[in-house]
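Please look at the sequence and the structure shown here, and then follow the report below, which goes through some of the features one after another.

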Amino acid sequence: MSGLLWLGSLLLVGLAGIPLAFHPAFARFPFSTRIVLAAASGAALVSFVMTAAVLLAIPWSVPWLVAAAAALGAALRLLLRAPARVGVPPARESSGRLLLLSAGVLSAAAVAAALAATVAGAATSPDLLFFWGPKAQQFAFARSFDASFMRDELHHHMHAYYPPLVTNLGAFASMTAGRMSWTGATLTFPLLLGALAIGLPGMLSDGPGRARAAAIAALTISAIAYLGIEADIAGNGEMPLLLFETLAIALLLSDSASDGPTQLLAGIFLAGAASAKVEGLPFAISAAGLFFAARPSAARPFGPTAARLLFPMVAMLAAWFAFGATRRIFFGYSGYGRFLDLYPDHLRAVLSAVSRSLWTTGHTLPWLVPLVCVLLALPLSRRWILPVGIAAVLTAFFLFTYLHRAEDPSLWISWSASRIFSPVAMLLAVAASLGKPAAARP
Amino acid sequence: MLKDDDRFQPSTPNSPLFPLIGAALLAALALAGLPWKEGLFRRPRTLFDRSAARAVAPGYALVAAAVPLIPAGATVVVRTEPRDPEAETFYHRFADALLPGRRALPASFYGRFAPPEVSRDAQYVLIVGARPIEPPGRLLLETPDGTIWQASPRGPDSR
């Protein structure tokens with residue numbers, strides 16, 4: 001019961017996202033999608049307000065945090081102008097009802113599998129107990145980031161520099177519920193996957209048609225569910241990261257990506273990703289950069305677009321690093337050596353260990369099945385540059401990271417690769433939506 | 001000049017089929033991979049009972065059982081019997097997580113035995129596994145996962 005209370009209290013962050021997500025610019029999205037957009041943007045805003053409050057020496061309180069984040073969302077809304085063509089919900093297709101129903105059933109089955117695995121204790125990530133949860137719990141006690149706890153050498157394994165969003169939201173829920181709930185924390189996996197299953201079809205449907213959008217959403221949800229169960233991601237930072245990344249990519253691939261409100265919301269989700277896990281930063285930077293190559297018309301004028309996509313992330317990470325630097329706890333992200341100190345002789349071992357890790361995660365099928373769908377959708381529209389390009393950048397970044405360790409990195413890779421490569425599976429699934437219509441093919 | 005070349009048109013009627021088949025395959029595998037034969041609908045004892053990390057379930061259960069026995073502000077160490085520095089590293093982290101307000105001292109750290117003096121003064125000792133031959137103090141609780149002890153006060157000559 002306390003787990004459900006802890007989990008339910010997270011819904012409060014959605015209040016902070018309502019001013020933005022219910023801007024007229026998003027009227028083209030179904031109500032269910034806008035609720036998910038409100039929840040996700042509210043989560044990012046609440047996390048930012050929590051970090052800023054620590055910098056300003058203001059103790060956290062739940063009502064104050066929600067009100068301040070909602071005020072921030074309302075202020076951002078004032079900056080937005082509704083686009084000339086205010087969105088109209090896509091017309092309902094008379095055909096394809098069976099396909100829509102099938103896609104819905106498959107998404108529901110995948111979420112049910114994630115829920116069953118989590119409740120059965122078959123998908124829990126040890127990282128929840130190692131650092132995400134203890135930090136969230138301690139910060140809730142302290143109603144702030146507890147600098148002495150973070151500095152303690154016995155807590156070195158808790159990675160003080162890891163970005164704050166996951167622990168902030170865990171602390172928020174713990175303050176609301178009165179205590180940390182470990183079960184509740186694991187249930188964020190099916191909860192956020194379910195949110196994605198509800199929100200994603202409506203975001204994809206202005207492109208490839210409702211039936212195909214629903215099918216692509218079902219593919220994405222099923223890939224994440226299977227991968228998440230196999231790689232034990234319940235309770236760690238993977239699912240929040242995947243939620244923000246998927247929503248951001250869906251917005252940037254949409255027909256409305258040229259609109260300022262869409263770009264700002266995508267920027268907030270990219271900021272959420274960068275604030276959730278370290279690898280969210282290369283995702284967000286490459287997404288913003290590749291948007292200009294994949295959608296040059298939509299990206300004009302370049303300056304304001306870059307500001308909308310990048311400013312939220314810069315603000316959120318600046319607040320976090322300002323905290324670390326002013327308390328002399330951390331001054332950036334830590335690595336296993338200097339930036340360009342690589343061990344290229346480890347490349348073969350790294351590639352072998354990564355292959356083994358992905359193979360042990362459902363025989364690599366969470367990546368291979370979306371890849372096959374991409375190949376079957378060829379030729380792709382120019383938008384493919386965005387998801388496939390990000391997947392390539394992330395792959396290069398992960399290999400670069402693994403080559404940094406002087407010792408044999410095989411053990412490290414064995415327990416991390418399948419998790420950190422999970423966004424690649426999502427990106428391939430979304431890329432499968434970008435096939436050119438038959439009429440446009442040569 | 002760069003241009004978007006990609007205004008979408010409605011796709012061919014059968015185009016959703018491939019992603020749908022892919023989704024069906026992955027959803028079926030996700031469902032098939034659930035621990036049906038391990039009593040899927042039976043409430044687990046710990047969060048790790050049926051996960052890949054199930055080997056740490058006894059340590060989790062013992063540390064969770066210690067919550068009502070160890071007062072706030074006390075120091076505690078978790079050991080294994082026989083000694084296993086990998087497992088002790090994990091259980092030290094569990095103690096940090098599940099025993100907030102207490103001070104968890106490591107018997108092992110990063111997979112290596114910590115110097116004995118690091119945890120010598122722990123007021124409570126949790127031993128995952130068999131009951132030790134030499135009891136470290138007064139037994140507070142014994143479970144199938146191990147034992148929980150209040151350490152004997154140390155004399156001045158033992159420091």
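## Helices H5 and H11 of chain A

In this predicted model, helix H5 (residues 97–119) of chain A and H11(A) have axes that come within 8 Å and cross at roughly 15 degrees. Because angles under 35 degrees count as roughly parallel, H5(A) and H11(A) are described as roughly parallel to each other, and their crossing is left-handed.

On the side of H5(A), the residues that make this contact include A:Leu99, A:Ala103, A:Gly104, A:Ser107 and A:Ala110, while H11(A) contributes, among them, A:Arg210, A:Ala214, A:Ala218, A:Ser222 and A:Ile229. Sorted by class, the contact of H5(A) with H11(A) has 17 nonpolar, four polar and one charged residues.

Is helix H21 (residues 422–431) of chain A mostly covered or mostly uncovered? The helix is mostly covered, since ten of its ten residues are buried, and these include A:Ser422, A:Met426 and A:Ala429. The buried residues of H21(A) pack against several helices of chain A, among them helix H12 (238–253), helix H14 (280–294), helix H18 (365–376) and helix H20 (410–420); H11(A) also belongs to this group, as does helix H19 (385–402).

From H19(A) the contact is made by A:Pro387, A:Val388, A:Ile390, A:Ala391, A:Leu394 and A:Thr395, and from H21(A) by residues including A:Pro423, A:Val424 and A:Leu427. The residues of this contact divide into eleven nonpolar, one polar and no charged.

## A loop residue of chain A

A:Ile58 is found in the loop between helix H3 (31–55) and helix H4 (62–78) of chain A. With 16 other C-beta atoms within 10 Å, A:Ile58 is partly exposed, because that class lies between buried, which needs 20 or more such atoms, and exposed, which needs 12 or fewer. The C-alpha atoms of A:Ile58 and A:Gly178 are separated by 20 Å, and these two residues lie 120 residues apart along the chain.

## The sheet of chain B

In chain B, five strands form an open sheet with mixed pairing, in the order E2-E1-E5-E7-E6. Strand E2 (103–105) and strand E6 (137–143) stand at the edges and have a single partner strand each, so one side of each is left without a neighbour in the sheet. From one strand to the next, the twist averages 25 degrees.

Strand E1 (residues 75–81) of chain B runs parallel to E2(B) and is joined to E2(B) by three bridges; B:Thr75 has B:Arg103 of E2(B) as its bridge partner. Two helices of chain B lie across strands of the sheet: helix H2 (residues 57–65) lies across E1, E5, E6 and E7, running at about 150 degrees to E5(B), and H3(B) lies across E1, E2 and E5, running at about 150 degrees to E1(B).

## Where chain B touches chain A

Between the two chains, 45 residues of chain B are in contact with 66 residues of chain A. The elements that give two or more residues to the side of chain B that touches chain A are helix H1 (17–32) and helix H3 (85–98) of chain B, and H1(B) provides the largest share, twelve residues. By class, this side of chain B has 29 nonpolar, eight polar and eight charged residues.

Conventions: Residues numbered from 1 in each chain as written. Chains lettered and ligands numbered in written order. Predicted model: local features only at pLDDT ≥ 70, side-chain atom pairs only at ≥ 80, totals over all residues. Contact = placed C-beta atoms within 7 Å. Helix = DSSP H or I, 4+ residues; strand = E, 2+ residues; numbered from the N terminus. Nonpolar A, V, L, I, M, F, W, Y, C, P; charged D, E, K, R; others polar. Pairing = 2+ DSSP bridges. Axes fitted to C-alpha atoms, helices over the stretch in contact; angles between N-to-C directions. Parallel < 35°, antiparallel > 145°, perpendicular 65-115°, else oblique. Left-handed = near helix turned anticlockwise from the far one by under 90°.
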